[in-house]
Structures are given as structure tokens and as C-alpha cells.
Amino acid sequence: MNTPVAGPGTLAEQILRGVGGAENIESLTHCATRLRFQLHDGAKADTAGLDALAGVMATVPQSGDRLQIVIGGAVARVYSEIMNLPSMAGGAAPGAKSDADVKAAMRAKSRGRYAWVDNFFEYLSDSFRPLMGVLLGSSLIIAIASVLDALGFVDFRAADKSATWVFVDAMWRSVLYFLPIMVAYNSAKKLKIDPWVGAAVMAAVMTPNFTGMLNPKSGIPGITCSTNGTLGTQECVAHVFGLPMQLNDYGGQVFVPLLMVAVLALVYKGLQRIFPETVHLVFVPFFSMLIMIPITAFLIGPMGVWAGNGLGEGLSWLNGNAPIVFAILIPLLYPFLVPLGLHWPLNALMLVNINTLGYDFIQGPMGAWNFACFGATAGVLLLSLRHREKEMRQTATGALAAGLLGGISEPSLYGIHLRFKRIYPRMLVGCLVGGVLVGVLGGVDTKAFAFTSLLTIPVFSPMATYGIAITAAFFVSMALVYFSDFRTPEERVQANAERDAAEAASRAEAGAADDRELVTVGAATATAGASTGTTAGPESTTGAPAPTPTPAPTPTPGKGTELAAPVAGRVVGLDEVGDPVFASRALGEGVGIEPADGRVVAPVDGELIIVAATGHAFGIRTADGIEVLVHIGIDTVQMKGEGFDVRTEAGRQVSVGDLLVEVDLDAVRAAEHPTVTLMTVTNTADLTSVEPHTGQTVAAGAPVVTVRR
């Protein structure tokens, strides 16, 4: 049995308990929003308990005993707190498994058909993911320079820039130029070999000594250069140890370090088996560098450059001949790649394009996806303001800020979108609209690797095309989410009820006098109708003796709104309906009606804001803000609409007596569900009083509840 996650301690301590303790952690890293665990036994992680923690947006189990925990912007702090816990510092983790054991476990637990496919994408992702911060930093430096360029303060692209702007160039080019060394470090770390050896091998072909040979005027003997007639580029070959070595500028290359480290891992681990462990520190790095630097310079480096150039040219040709393909597919693929962490390989292609072609055409359509994502979050934020959902408002505000200012979509995805199934289809429409506009208007390019946020709009060209596409994607998604809601009708009713109950409880604790209607009734009673003076019959519909009638509540002075009976039948109090949720008034004060027939009508004039797909529940909001729920039967949602003939739709204006649904009461009884029809005022806590008039038999349309503002 898992140790309970919730309990005393900081969030870091609760997370550590939830993953099975320090002894179950093989490794732990983090990216911009997520903690990334490699566990010894993924089955020991209590994902449900972790999901319930305040401060955790979501948990994402992956193949090979990997687990992601989405934290959001506080991830670095939580990571640091976990690493500083005494149990983590005490080295409680058991010894490492053998290579064979690790591979067997990963194959056994892989979610995909082939474990190597998962491992391949994880290798690519983990090679780039830790670089998110510095890539974002360089992206914003480029954006600021581009804004100044657009405003005419400086010619950002001039060949004769001043020393100041040459230095600014160095600030952002540092990341992109030395990216191969950073990727090599991360790749080696991922494959569990000395990451500094990987960085050193890649750095060897990026030193001034090596790159200096690319200059035909360097005067170094043994170098010949020629011009490629087809591409118009200069090609240089150096004769080293009597062998021809093609010279390349490896700045910004990403394929070369990925290929090199994959080979280096085989060499490094082979040397570890050859040499005694006592001399590993001396001889394993030495021979690894002695072997891999020449292999990289003579073979892997040129192969990686050829592969990158070929892929870049191929993608460029496809984009030039069928731009609509990229423009539509990229924004539609990203919503599914990002949650799985599979988007980094595409980001690698963007870097290849910039390095080989001088520009990239993938990031423009990707912006359509990002802004559709942020638009959906904006729709959720507007709804949370409308429905006074404090927690969702805070989540959406933070996620929207991270997206619009930083171009980061994970807080929106994990904090909101993946929790509500209605959001994705609406967001995809925004993605499609933005992508189509990019394609139809001729495509969007950029000469820099930039996170797609409001701040980086100036780095895209044509900027007007990009601005139109992302604006359309944003507002289409926002409008679709706002006007159709991100919650199902059932979820909306429950959310409103929970909100009202929480607000009422808060006011009750403060001694608010207008919350008296939420006090739980100690015993069920049937009351006489105030206006008709009728009493209940000798027995209830269930055959039990009817309660002794009591006088109807004395009306509160002031003008009231009468709610009509939605169905003909005998009116009872909520304590008599046999459902603890309604009896607790969690869904507001109201009445139950034992129906005489299956014709259910609108009890009040207003907007029909909820129509359950199953036909068992309807929500109406009046012009002055009274929210009324009509719920037919108990647990009738399980009937999935059978026996319910819905005669209206959400968004319509209805008047008292308009037909909502015709119900086959015999079908409801056959399904063994109570037929009682309930009508409650879900925002009871916002009103002065809600006065039910029970203990009478009424026709549909007769007043049964008085509401006072």
C-alpha cells in the first residue's frame, strides 16, 4: 500500500512520499514547468494522491518508469527543496541496475508498441529540454532588438553595426552558436556517461584552431578550398595524417552532437568494461577523446552536416511548393506533441533550418497553435470571472501571463485544458483557422529561434501576416470556449453549487444574517400551501405515512419572484426527495415534485444556459440573475437520454410554460430511478430568501417557490 501523500510537511516532502520515497528515485530533473522523475518502480507512485496536492497541476506517467509532475512557474524552487531534503542527501537510493535490467524493464512497461521508439524521442527531448531557459532568454533579446529595429532606433541587420550592437548580437548568438556543446552535454548525461567528455569532443571542432582552417588565407599548409557551383558555397578540405577531412563550421548544428554522443556512449561504456574501475578517471575520458574527436571531425561531423542540409533543403522545397501543408499540420500536431514531450524534435528542425537555410518556416504556423492555446485560456478566464470561480480565475490568469509573455503553453495545458474535455476541440478550430491564414497569406519566416509570445512578434516576417494569423487563432478559440463553456452542463451545475456552498459557508462563519436558508433542516416536514390551504394526503407516493402538515413559512417583506412548478404533481421539501446532495442544499434551496405526467416546462422566464445532453437537467438564468436548476429524477443521467425527448436547446430565451422535455416516466421507473423532479435556486447564497411552498398538489405553472433579492 502506498504511503498517503497528503499530510504534514512541505510540498516537496509530500511529493517525495507520493513517488515512493527517495529510495525509489533513480534520477530527478526539471524543465520550465515539470519535475521529471526516473523511478526504479513506477508502480509505487501514487498519481491520484499527487494530483490532489495543492501546488501540483497534473501528473503524467510515461513509459520506462518515468513520471512527470507539472508544477508550473515554481518548479525550480520545488526541485531545489526536494534535492535538499535529508532523505535525498543521504543516498538512500539502491544501486543502479545493469544495462540489461534497465532495458528489460523499459520494454516491459513501455506504453508504445516498441520501447526503442519511446527511448528515441525521450533522448531527443532530454537533449534539448534543459536548454529552455537560455533559449527563451536569447529569444527575448532578439525580440527586443527587433522592436528597436522596427521603431527605427537601429538597423539590426546592417553589415556595419557599431560595437554596441555587435556586442548585443553576441549576447543572443552565444546560445545558438555554442548550442552543439550544450546539446552534447545533455545528450551524454541522458545516456549516463560523463557529460563533460561529450562537451569536450564537440568543443574540439569549434575551437578557433579548427575554425581557422576554414579561412583559405590562413596560410596553413595542407588546406584546399573550392566553390560549389550549384550551391555557391565554399568547401574546404584539410589533409590531416595524410587523410582528407572536410571542414565545416559546426556552430548551431544539432544533428552532429546527437549522432556523436550516441557513438560516444558505446565507446565510453566499452572502455569502462576494459579498464579496472580504479583507473576509470584517467583512461576512460582520455581514450574516449582520443577516439571520438577524430571520428567526429572525419566522419560524424560531415555526415551530420549533410543530413542537416539535406533535411533543411527538403523541408524548404516542400514548404515552397506546398506551404499549406506545413501551415495546417504544424498547429494541429503541436497540441498533441507538447503534452507528451515530443515537440522538441520539431524544435530541433527549426534550429537546423536557421543554421542551413538562414531562416525557419515552422515557427510561424507554430505560433497559431500557441495563440489558440492562450485564447482558450482567455475564454476560461472570462468564464471564471462571470461565474465567480476564484481558483480557476487564479489558474487561468497565471497560465495566460506565462503564455502571452513567455510563449510557454504547459501551464495552460496541464492547469486547464487537459482537465476539461470540451476545450481541445474548440482550441483545434483556432489552430486550424490560424494555420490556414498563414498558408493562404503566403507563409511566415523568422531568422531567429523565438518562443512565440507577444514580445517576439517583431522577429517574424511578414509581421502583418503573422499578427493576423495569431490574432484570429486567439479570438476564435476564446470565443468558442466562452460561448459554449469549458464545462459540461453537469460540471457547470456542480461547480456553481460548490461555489455557492463555499461562499455561503464563508459568510456563515462571519455571521452573515442572509445565509439562514442554508442551515440543514433537522427533520423532514411537509408544509401547507400558504395561498391554497391544501394539505397532503394520508400517504406519500412511496407508501409511507405523510408527515403532519405545518404552516407555510411566513413570506419575507418585499417584492418577490414566483417560480412556477415545472411539472404537475405533489410538492415536497428537499429533505423528502431521497437524495443527500439536494437535501443538503448544496445545489440551493427549492422543492421536489412527484410528477403526475412527463411533461416538463420552464418554471421562469429567462435564458436557457444548460441543457444536458441526456435531457435530465436544465438551467435557466433570469434577467435579474436568479439561476434555476430543473433536475428530472434521481441518478437519471445513467439512462443516457433514453426516455427523454428534449424539445429545446441551450442559448434560447424561454417563458414560463415553454416545453423543455417530455419524459417517459414508465421508462424511468423501469430503470429503477425515482421520478421526483427537483427545482432549486443554485445561487441561493446570493439572495435574501428562497421560500418553498410544499405540501400541495399543483398543476404545471402554479407558483411553488418565492425568491426575494
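Start with the second largest cavity, which holds about 70 Å³ of space. Keep in mind that you're looking at a predicted model. Searching the whole structure turns up two cavities of 30 Å³ or more.

Now colour by element of secondary structure: α21 (489-509), β14 (606-611), β15 (617-621) and β16 (627-632) each put at least two residues into the lining. With three residues, β16 gives the most.

Stay with β16 and follow the chain out of it. In the loop between β16 and β17 (644-646) you'll find K640. Check its backbone: K640 isn't a glycine, yet its phi is positive, about 55°. As a rule, most residues other than glycine have a negative phi. Is K640 buried or exposed? K640 is exposed, because its relative accessible area is 73% and the cut-off for exposed is over 50%.

Next, select R388, another residue that isn't glycine but has a positive phi, here near 55°. R388 sits in the loop between α16 (363-386) and α17 (390-406). Its relative accessibility is 32%, so R388 counts as partly exposed.

One more backbone stop: zoom to S461 and P462. The peptide bond from S461 to P462 is cis, with omega near -5°. In general, most peptide bonds are trans. P462 belongs to the loop between β9 (460-461) and α20 (463-484).

Now go inside. The largest nonpolar core has 104 residues, and M260 and W369 touch the most other members. Which helix supplies the largest share of this core? That's α16, with eleven residues.

Leaving out residues up to four places away in sequence, W369 touches P331, Y334, P335, V338, S409, L413, M427 and C431.

Methods:
Residues are numbered from 1 along each chain as its sequence is written. This is a predicted model: local features need pLDDT of at least 70, side-chain atom pairs count only at pLDDT 80 or more; totals for chains, interfaces and linings use all residues. Side-chain values use heavy atoms; hydrogens and water are left out. On a 1 Å grid over the protein atoms alone, a cavity is a set of points where a 1.4 Å probe fits but cannot get out, and a pocket is an open set with protein on both sides within 12 Å along at least five of seven lines; lining residues have an atom within 4 Å of a point. Grid points are joined across faces, edges and corners, and a volume is the space filled by probe spheres set on the points. Helices (H or I, at least four residues) and strands (E, at least two) are DSSP runs, numbered from the N terminus. Buried means under 20% relative accessible area, exposed over 50%, partly exposed in between (1.4 Å probe, protein chains only). A nonpolar core is a set of buried Ala, Val, Leu, Ile, Met, Phe, Trp, Tyr and Cys residues joined through side-chain atoms within 4.5 Å. Contact means heavy atoms within 4.5 Å.
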